[in-house]
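Please open the model in your viewer and keep the selection panel at hand. The stops below go from one part to the next, saying at each what to select and what is found there.

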Amino acid sequence: MAFTSSGNLSSAEMSTRDAIGAVNRAKRIDKIFAVGGILVMVIAMGLLFALIGDLVVRGLGRIDYDFLTSFPSRRAERAGILSAWVGSILVMLTTAFLAIPVGVAAGLYLEEYARKGWLSNIIEINVSNLAGVPSIIYGLLALGLFVYGLDLGKTILVAGMTLGLLILPIVIVSTREAVRAIPRVIKEGAYGLGADQWQVMWHYIIPAARPGILTGAIVGLSRAIGETAPIITIGALTFIAFLPPAPVSGDFPFINFDWLTDGFTVLPIQMFNWISRPQADFHVNAAATGVVLMALTLSLNGIAIWIRYRLRREHHN
Amino acid sequence: MAPTRIPNATELVASGFVARRKLLSRVMSVLLFLCAALSVFVTTAIVVILVSESWEFFAQVSIIDFLTGTMWTPVFANPQFGVLPLLLATLQTAALAMMIAVPMGLLMSIYLSEYANPKVREIMKPALELLEAVPTVVYGYFALLVMTPFLQKFIPGLAGINLLVPGIILGIMILPYVVSVSEDAMRAVPNGLREGAYALGMSKWQVALRVVVPGAFSGITAAFILGMSRAVGETMVLAIAAGQNPNLTFDPREGAATITAYIVQVSLGDLPHGSLAYSTIFSTGLVLFIMTLGFNLAGFYLRKRFREAY
Amino acid sequence: MTNMPDKRAAEATTDADQPPIPPRKEKAPLRARVENLNFYYADGFQALRNVSMPILDRQVTALIGPSGCGKSTLLRCYNRMHDLYPGNRYEGSVILEPEGENLIGPDADPVLVRLRIGMVFQKPNPFPKSIYENVAAGLRVRGVRNRALIDEAVETALRRAAIWDEVKDRLDGSAYDMSGGQQQRLCIARALAPNPEILLLDEPTSALDPIATAKVEDLVQELSKDVTVVIVTHNMQQAARISNRTAFMHIGQLMEFDETSKIFTNPSHPRTEAYITGRYG
């Protein structure tokens, strides 16, 4: 500050000059910060987009009708992902069917029923911890509990339950946030009409929270669809050249649940399997599977973001 | 029979409607409670399964040997059960990830919270969310088949399977999460504090570094701790690109199995359930669970403290 | 409709020298009474101190007083709204006549209480549903499924709330597309549809413009022909215009309760006088 020998300057002039210098310096640092922020963002995003682009370039050409309708094969050019995408869809159905009702119920309880106390505190810490438990630990839980404890086998049902537990915290947290956002006056209005707690939940809270709950459920499912580790841990086979029995049939009762107890494979497992092969041809298959997987998860997330965006616009109006 | 007029309260009681409704409400509240309690059950089940399945293991291998041994060779004729090689690889990749994620994440969240105009933020936040959704197996593909061959051209001695690349990819992978949590924390700092600082003549970066970052410190720390927890527990990137061989090394150019990669390797193999070697996946899983539990609780506590502060 | 403000202006000039409402129904039977009511919020704050007052059948009773005096707290005791938040505590009794049932007694069920006593809130709070479903909401809560019956009740309630003509062509439209005044009358219709024994109004016009306020006030007077109304208002002129009885409250205590004309022309308590003449509050 005082390195200028300024014997003939008044102190007021000097401090003004110092101040201007300081402001200019601050402006320069500001610029560095802004440029640095953008640069980091561009580097990180650019790297990711380059990687994704690379994946698409390598994989997209491999995706054709045969690829989608063939079973895996020892010959890379004849292999396909039929059993994988069918398995992914069936596992997702099971996961959604289990995790969404339970997660919504738990979220409702925590937000609307639980009195503040040690029990609700414990449950809250718990949910927050579960959200951060590595997915492979869920795999070990499922292996010990479902596969060996309950002897349910390495089936679609077990995979669905495992992934259901995995995304439960996501559904719970998004339900709580959606319920918390409902104006108090709406709730009071419903109670004021003589509705009891469950009527208020069923007719007012759940419908009003539906978009938020839906967003959370979709985000959860998109995470589940890409999960590999817990499925590997429960010992899912990686070479499946058959389809589970169709859930819908022409005969009475039209719907059957035999597929739940069938072996299966899913897209990320198939991709992992092909990455692990030394031959480059299989790597192309892996890239193609990756493109399908990315398209699925990104479009699911895109839908969730769109719902949230629309929701926010409604709130503003 | 359908009523011909609107029933009043007395009639609703007399017809049993109120009692039925009350019962339903009661049943539902119990059901909802059970669903909420399931989360506690899951945690308990995780602990019970991990402990009971590794009980046999710790009966035969002392915890001291397990935690201090430097050789991990469960399937050798003379098996060694020292978890340090796995632990070191796990911590090394996580540390590499943090070296990427902390500075980049801090800069990005300061930029998004303090500098970026609302439009950029509106686009960046969902974009970050989308990136969070990329399946980890895809990141594994990037690490093994794209990044490693590319970096091998510049880094001499970089093996095809190494710790460096998965570490970097891991850092990029947790970046969106870290940025979104710490940006939320920074934005939660009350505007009054910012205005006060601007009124003192501070410039943007001074406000950011002297007011916003200290004000959001516990929230930002929570973001990094939770990011660390994710890096430690991540599986597929490491199983694919860091290899599945236990290797006690400090050289990130070499490959080494992390805890998670080891569990994957055993799961893919044909070790029989009940054997000592097989039970190692539960004992190492227990180590992993305890580590992430510590991070998660610390993150939870810091975030809670932060929310209470504002 | 457009001449409504003029009509009001005409009335106001006559209000000056005679009581705003003819003292009809002087011997109205008792509909409810509050006795030695104390109320404590969860944080321990005592919002009502030993309040005792009657509510007369098919009259409009106004609760007035400076903000924080406990008038809304008292109103929300009648339908046990306070039970929605844990830790709140009542002492004393709120008796519904002629049965003599204590609404805050140990065996009283808050839900059952709310099935008998309707409420309209400070801010219009229609549900995010159609106009029709908003009015039908109370009927659905009571398990009514007969479509013809609901149609009829919805129309009756909308007519009683003087909004039928405005909405009859768009019953399936969203309630959020209405103006604030219409929304509040819709909320009144919603509360009226199940035929409540008492209708509670918690500052129903505080969020409305003067024209919408006038409509709601006319409506309240019209309603008192066949419904017992308790209304909280921060607007003394409003109390003077529409109520038969007025209770003046101050820091959780009931200072004075009497015929509205008496309160506004010849208050017996100096505090009441200070408040209604605008010297404090």
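**A tour by selection**

Begin inside chain B, at the interface of its domain 1 and domain 2, where the rule finds zero salt bridges, a salt bridge being a side-chain nitrogen of Lys or Arg within 4 Å of a carboxyl oxygen of Asp or Glu. Before going on, note that this is a predicted model, in which local features need pLDDT of at least 70 and side-chain atom pairs count only at pLDDT 80 or more, while totals for chains, interfaces and linings use all residues. Residues are numbered from 1 along each chain as its sequence is written, chains are lettered from A and ligands numbered from 1 in the order in which they are written, and side-chain values use heavy atoms, with hydrogens and water left out.

**Chain B, between its domains**

Select residues 9-60 of chain B as domain 1 and residues 72-309 as domain 2; these bounds come from an automatic or database domain assignment. The C-alpha centres of the two domains of chain B are 34 Å apart. Ten residues on the domain 1 side are in contact with ten on the domain 2 side, where contact means heavy atoms within 4.5 Å. Together the two domains of chain B bury about 950 Å², with 82% of it on carbon and sulfur atoms; buried area is the accessible area (1.4 Å probe) that two parts lose on being put together, summed over both. Now pick L50(B), E53(B) and F57(B), the residues of domain 1 that lose the most area to domain 2 of chain B, together 60% of what that side buries. By class, the touching side of domain 1 of chain B holds seven nonpolar, two polar and one charged residues; here Ala, Val, Leu, Ile, Met, Phe, Trp, Tyr, Cys and Pro count as nonpolar, Asp, Glu, Lys and Arg as charged, and the others, Gly among them, as polar.

Select residues 276-302 of chain B, which are 100% helix and 0% strand, with end C-alpha atoms 39 Å apart. Then select residues 133-151 of chain B, where the chain is 84% helix and 0% strand and the end C-alpha atoms are 25 Å apart.

**Chain A, between its domains**

In chain A, select domain 1 (11-60) and domain 2 (70-316). The area buried between these two domains of chain A is about 480 Å², and carbon and sulfur atoms give 88% of it. Highlight L55(A), R58(A) and G59(A), which lose the most area on the domain 1 side, together 73% of what that side buries. The count of salt bridges between the two domains of chain A is zero.

**Where chain A meets chain B**

Finally, show both chains: 80 residues of chain A are in contact with 77 residues of chain B, and the area buried between the chains is about 7,100 Å², of which carbon and sulfur atoms give 79%. Select F33(A), M41(A) and W198(A), which supply 9% of the area that chain A buries against chain B, more than any other three residues. Two salt bridges are found across this interface, and R308(A) and E129(B) meet through their side chains in a salt bridge (3.1 Å, N to O). By class, the side of chain A that touches chain B has 53 nonpolar, 20 polar and seven charged residues.

Conventions
Helix = DSSP H or I, 4+ residues; strand = E, 2+ residues; numbered from the N terminus.
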